[in-house]
Amino acid sequence: MSEAINFHFAIDGDDFTSAGKASVQVKKLLRQLNFDAETIRRVSVGMYEGEINMVIHANGGTADVNVWDDRIEVVLADSGPGIPDIDLAMQEGFSTAKDNIRSLGFGAGMGLPNMKRYSDDMKIETELGRGTTVTMSFSVN
């Protein structure tokens, strides 16, 4: 593929039951495109964590997945409150999730650290009161 194949998803911010649907769709699409299982797993985990973060913190957003032969790029964008302290947010276990979210089993403070762990490169652009865009790049094995 000399040109990227793009998949676009809207992430609903009011529905925890639909959180993760986009990453499941991407997993299926990458299988159909014959990507290896490890690449598919890494992309799926990173994207799922991002979807959950958008539902918990930003009332949803969008996910764009760009696929080339040698790499996959996931761009997650929201218009939520922004991240006041990225260094703090990147610490495992740090979370600003409310108690009702934690009671559902979410908000353990592993979202951003896992996104970084499973991607080859991750960039966070955030502006308080305006939103956050996270771009993850995954090299293909």
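**View 1. R42 and D120 form a salt bridge, with their closest N and O atoms 2.9 Å apart.** A salt bridge here is a side-chain nitrogen of Lys or Arg within 4 Å of a carboxyl oxygen of Asp or Glu. The pair links distant parts of the chain, 78 residues apart. R42 sits in helix α2 (residues 37-58). D120 sits in the loop between α5 (111-118) and β4 (121-127). Helices (H or I, at least four residues) and strands (E, at least two) are DSSP runs, numbered from the N terminus. R42 counts as buried because its relative accessibility is 10%. D120, at 46%, counts as partly exposed. Buried means under 20% relative accessible area, exposed over 50%, and partly exposed in between (1.4 Å probe, protein chains only).

This is a predicted model: local features need pLDDT of at least 70, side-chain atom pairs count only at pLDDT 80 or more, and totals for chains, interfaces and linings use all residues. Residues are numbered from 1 along each chain as its sequence is written, and side-chain values use heavy atoms, with hydrogens and water left out.

View 2. The side chains of R71 and D70 form a salt bridge, 3.3 Å from N to O. R71 is partly exposed, at 36% relative accessibility. D70 is partly exposed too, at 48%. R71 also lies over the face of W68, 3.8 Å from the ring centre. For such a placement, NZ of Lys or CZ of Arg must be within 6 Å of the ring centre and within 35 degrees of the ring normal.

**View 3. D121 and K123 are joined by a salt bridge.** The N to O distance is 2.8 Å. D121 counts as partly exposed, with 34% relative accessibility. By the salt-bridge rule, the count comes to six.

View 4. N114 is found in helix α5. Its relative accessibility is 12%, so N114 counts as buried. The side chain of N114 makes a polar contact with the side chain of E49, at 2.8 Å. A polar contact is a pair of N or O atoms within 3.5 Å; within protein, one must be able to donate a hydrogen and the other to accept it, and residues adjacent in sequence count only if both atoms are side-chain atoms.

**View 5. The whole chain has five helices and five strands.** From the N terminus on, the elements run β-α-α-β-β-α-α-α-β-β. Buried residues make up 44% of the 141 residues. The C-alpha atoms fill a box of roughly 45 × 30 × 25 Å, taken along the principal axes.
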